[in-house]
Amino acid sequence: QVQLVESGGGLVQPGGSLRLSCAASGSIFSRNTMGWYRQAPGKQRELVATITFSGNANYADSVKGRFAISRENAENTVYLQMNSLKPDDTAVYYCNKNPPYYSSTYRRVYWGQGTQVTVSS
């Protein structure tokens with residue numbers, strides 16, 4: 001069964017921190033590069049961080065130095081530690097493989113429900 005379950009979002013003040021978690025099914029996680037994506041209201045979904053199976057990470061310029069992606073391969077789990085949060089980080093955050101998993105059953109890219117992150121005072 002294909003599954004992506006994101007958690008850990010919430011409301012945080014500017015400058016605060018959150019840690020997101022994502023539990024993925026083996027068919028998605030496997031030895032694939034995993035990523036965290038986000039979609040703000042009225043904007044397209046964007047890729048913010050990726051991590052290879054061996055642990056090499058890359059970040060979008062907008063989050064570099066503030067976010068850290070990690071993974072636990074034995075548990076099919078990927079994390080996103082977010083520090084020094086800004087109002088512009090407000091979005092629904094999703095995890096997926098990179099490139100995103102395409103479901104032949106549903107004939108579309110599969111996404112989980114995401115987790116809302118709101119940065120506001």
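## Exercises on a predicted model

Gly-10 lies in strand β2; strands here are DSSP E runs of at least two residues and helices are H or I runs of at least four, both numbered from the N terminus. This is a predicted model, where local features need pLDDT of at least 70, side-chain atom pairs count only at pLDDT 80 or more, and totals for chains, interfaces and linings use all residues. Residues are numbered from 1 along each chain as its sequence is written, and side-chain values use heavy atoms, with hydrogens and water left out.

### Exercise 1: Gly-10 and its surroundings

Task: find which residues Gly-10 is in contact with, leaving aside neighbours within four places in sequence.

Solution. Start with the cut-off: contact means heavy atoms within 4.5 Å. By that rule, Gly-10 touches Leu-18, Gln-116, Val-117 and Thr-118, once neighbours within four places are set aside. Next, take Gln-116: this residue is 106 residues away along the chain, yet the two C-alpha atoms are separated by 6.1 Å. Finally, check accessibility. Buried means under 20% relative accessible area, exposed over 50%, and partly exposed in between (1.4 Å probe, protein chains only). Gly-10 has 24% relative accessibility, so it counts as partly exposed.

### Exercise 2: The open sheet

Task: work out the order of the strands in the open sheet of 6 strands.

Solution. Two strands pair if DSSP finds at least two bridges between them. In general, strands of a sheet pair through backbone hydrogen bonds, either parallel or antiparallel. Here the order is β2-β12-β9-β4-β5-β6, and the pairing is mixed. The edges are β2 (10-12) and β6, each pairing on one side only. On average, neighbouring strands are turned by 25° against each other, direction ignored; axes are lines fitted to C-alpha atoms (for helices over the stretch in contact), and angles between N-to-C directions run from 0 to 180 degrees.

### Exercise 3: Backbone details in the loops

Task: locate the cis peptide bond, then look at Asn-76 and Arg-107.

Solution. The cis bond joins Asn-98 and Pro-99, with omega about 0°. Pro-99 sits in the loop between β9 and β10 (102-103).

Asn-76, in the loop between β7 and β8, has a positive phi of about 50° although it is not a glycine. Arg-107, in the loop between β10 and β11 (108-109), also is not a glycine and has a positive phi near 55°. Asn-76 is partly exposed at 23%, while Arg-107 is exposed at 69%.

### Exercise 4: The nonpolar core

Task: state how many residues the largest nonpolar core has.

Solution. Such a core is a set of buried Ala, Val, Leu, Ile, Met, Phe, Trp, Tyr and Cys residues joined through side-chain atoms within 4.5 Å. The largest one has 28 residues, and Trp-36, Val-78, Leu-80, Met-82 and Tyr-93 have the most contacts inside it. The largest share, 4 residues, comes from β3. Beyond four places in sequence, the contacts of Met-82 include Leu-18, Phe-67, Tyr-93 and Val-117.
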